[in-house]
Amino acid sequence: MCSIPGMENAGCVFLFGYNPSASHPIVARRIVRAKEKGAKIIVADPRHIETARIADLYLPIKNGCNIAFLNALANCIVNDGYADKDFIEAHTNGYEQWWETIKKYTPESVQDITGISPADMHRAAEMYATAEPSAIIGYGMGVCQQRQNLKTVHTLAAVACVAGQIGKPNSGLAPVRGQNNVQGSCDMGCLPNMFPGYQKVTDPAMREKFAKAWGVPVEKLSDHEGYKLTDMVHLANEGTLHCFYNYGEDPVQTEPDSQGTIEALKKLDLFICEDIFMTQTTMYADVILPGTSWGEHEGVFTASDRTFQHFNAAVPPKGECRHDWQIISDLSTRMGYPMHYDNTKQIWDEMRQLCPNFYGATYEKMEGTGHCEWPIPTLEHQGTADLFPGGHFNKPDGRAVLIAHDWEHPTEMPDEEYPLVLCTVREVGHYSCRSMTGNCKALSLLADEPGYVHMNPADARARGIRDGEIVRIWSRRGSVYSRADVSDRINKGAVYMTYQWWIGRCNSLTLHAVDDVSHTPEDKFSACQMERVADQQWAERHVAQEYADLKARLAKEASAQDVEPAVAFSASQEPDRILV
Ligand SMILES: Nc1nc2c(c(=O)[nH]1)N[C@H]1C(S)=C(S)[C@@H](COP(=O)(O)OP(=O)(O)OC[C@H]3O[C@@H](n4cnc5c(=O)[nH]c(N)nc54)[C@H](O)[C@@H]3O)O[C@H]1N2
Ligand SMILES: Nc1nc2c(c(=O)[nH]1)N[C@H]1C(S)=C(S)[C@@H](COP(=O)(O)OP(=O)(O)OC[C@H]3O[C@@H](n4cnc5c(=O)[nH]c(N)nc54)[C@H](O)[C@@H]3O)O[C@H]1N2
Ligand SMILES: [Mo]
């Protein structure tokens, strides 16, 4: 993606399914600065998010309409004369075929699906395509957690190409990454199809290179792609998966359809968790390996914009906790491949030698507040802020391929029994599965269990629900209690829950449906219903008791665990059955 600091210099920032003021406040600050410097801000989101307050154009799109909306936007860019013909001619392939699909999507033809008036669609096309010197599209989970997610990314890339808003400084797409080091874990090969540095496991030359470096016969390195996290449930259910090594993840809280996840975990022969806290998932573990937290170890993070940054430990580890890299090395040694490193620099230097795009990112360059963005192929190189300079793309002929798709509706549409769209999102005060923020007193004062369900006043009124009351929400998967947060910033017909809450656990309700290629769950769209709990006093006592019981169970499990520094692991386990 483009450089985050560079966002300040764009002439237009278009947020599409991304809510940075809650999710990435530092990025949100850059957007405020861009606005102060004169940039136009466009927000397309079903909710009136914070950034909508400073937007020059806010588009309250309907949930689940992404491709219909973007195709109509592309249609306006072309028909209103804003297409960058020179860029299309010189840097892209497939325009004619792309237009065959796009030409059908006039803004009028999809207004029922998008909820956006043709006039606003034309304004958006003009504002984005004519922005000087550049425009950036920031997209997030509003795109990725949909059934048509990859197809939406193709569509977004084509929009940027056709408008000529890519291939120059501070332009193109900004696909924000979630955690501080999601980008880093992908860079380092924590993907089922890649070695570190995005080198494919199916490429014999890559296997040869890594086998040589690691001193193993090439047959020892798997030549096929591994499984994805969301495959775990059906693989365990059908008996293909016997052992699951779960490392820094709380699937009971964060994977869709929690009950389905729990049933699958119970079927495993061996379930190992490596975490820094007890979670609802560790309760099902046969073995728990205690890792150190970000304040206790040092290493390198990669930010969303490919920036490597070295960070230092603030305090020494406590008790039996060990660094993740030490646990992995010991486990490997006990499983028959001796692995030894004295420190993270040795690991980093080995990785640099094997990954051409990272070679120049030395610890020296990252000293103090130093940082660098990959690709950084040589020691002299200072890093790359903007990808695709001069419109040169990473295809054999250097040209981008324009791809269009037809819109399809989400998997589970609302009906009479489940009339509301359940959309699950983030809030500023708590983090993901909440293992890290849940025990912080100051943050609990900001928001606490059972969490919140955000709804439009009309949907609340229709059910006699008042702001702050406890409500019951249910879907085809389950039923939970949560607290009503009534606001006209929420669109009618949809309710929003954040996936942080343990008692108001939205994943007890979400549908386990994934897109075909990435297998990412459709967390942004399921059908649900809700009602006011008649006896509010009972409801308050009930949720408080449920939370107290759950915390007591976690504490009991933690003290009952006979935690060893490293696990004795049966060497007969077949490594390709282990998901990390
Ligand atoms: N405080 C805090 N910060 C976090 C996290 C956290 O848990 N807490 N989690 C981190 C992680 S893991 C991630 S991945 C990032 C994600 O950060 P974001 O991408 O900002 O995540 P969300 O809030 O889930 O979704 C973004 C927006 O998509 C909108 N949306 C819903 N449906 C649609 C749709 O059909 N179309 C469009 N265009 N938009 C739609 C939602 O209303 C929401 O405002 O945040 C990270 N930052
Ligand atoms: N319904 C719904 N569900 C969602 C989402 C949504 O929008 N809606 N968002 C999805 C997204 S985008 C994401 S990224 C996931 C996030 O889901 P998870 O990855 O499951 O949640 P996290 O809280 O990010 O972290 C997982 C665990 O890592 C542990 N941990 C932290 N630091 C370390 C460390 O240094 N070492 C080790 N070993 N463990 C550590 C934490 O204690 C925590 O238990 O949730 C997904 N689930
Ligand atoms: Mo994420």
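A polar contact is a pair of N or O atoms within 3.5 Å; within protein, one must be able to donate a hydrogen and the other to accept it, and residues adjacent in sequence count only if both atoms are side-chain atoms. Please keep in mind that this is a predicted model, where local features need pLDDT of at least 70, side-chain atom pairs count only at pLDDT 80 or more, and totals for chains, interfaces and linings use all residues. Residues are numbered from 1 along each chain as its sequence is written, chains are lettered from A and ligands numbered from 1 in the order in which they are written, and side-chain values use heavy atoms, with hydrogens and water left out.

**Exercise 1.** Describe the surroundings of ligand 1.

Step 1. Begin with the shell, where a residue is near if one of its heavy atoms lies within 4 Å. Ligand 1 has 34 such residues, the closest being Asp45, Asn66, Arg426, His430 and Ser432.

Step 2. Look for polar contacts. A nitrogen atom of ligand 1 lies 3.3 Å from a backbone N or O atom of Ala22. The side chain of Arg426 brings an N or O atom to 2.7 Å from an oxygen atom of the ligand, and a polar backbone atom of Glu427 is 2.9 Å from a ligand nitrogen atom.

Step 3. Check the cover, using Shrake-Rupley areas with a 1.4 Å probe. Alone, ligand 1 exposes 930 Å², of which the protein buries 97%.

Step 4. Domain 1 (5-176) and domain 3 (420-554), with bounds from an automatic or database assignment, both contribute to the shell, so ligand 1 lies between them.

**Exercise 2.** Do likewise for ligand 2.

Step 1. Its shell holds 28 residues, with Gln179, Thr254, Asp275, Asp324 and Ser435 the closest.

Step 2. One oxygen atom of ligand 2 is 3.0 Å from a side-chain N or O atom of Gln145. A polar backbone atom of Cys433 lies 3.0 Å from a ligand oxygen atom, and a polar side-chain atom of Ser432 is 3.4 Å from one.

Step 3. Taken alone, ligand 2 exposes 910 Å², and the protein buries 88% of that.

Step 4. Domain 2 (182-192 + 227-302 + 307-383) and domain 3 (420-554) both give residues to this shell, so ligand 2 lies between them.
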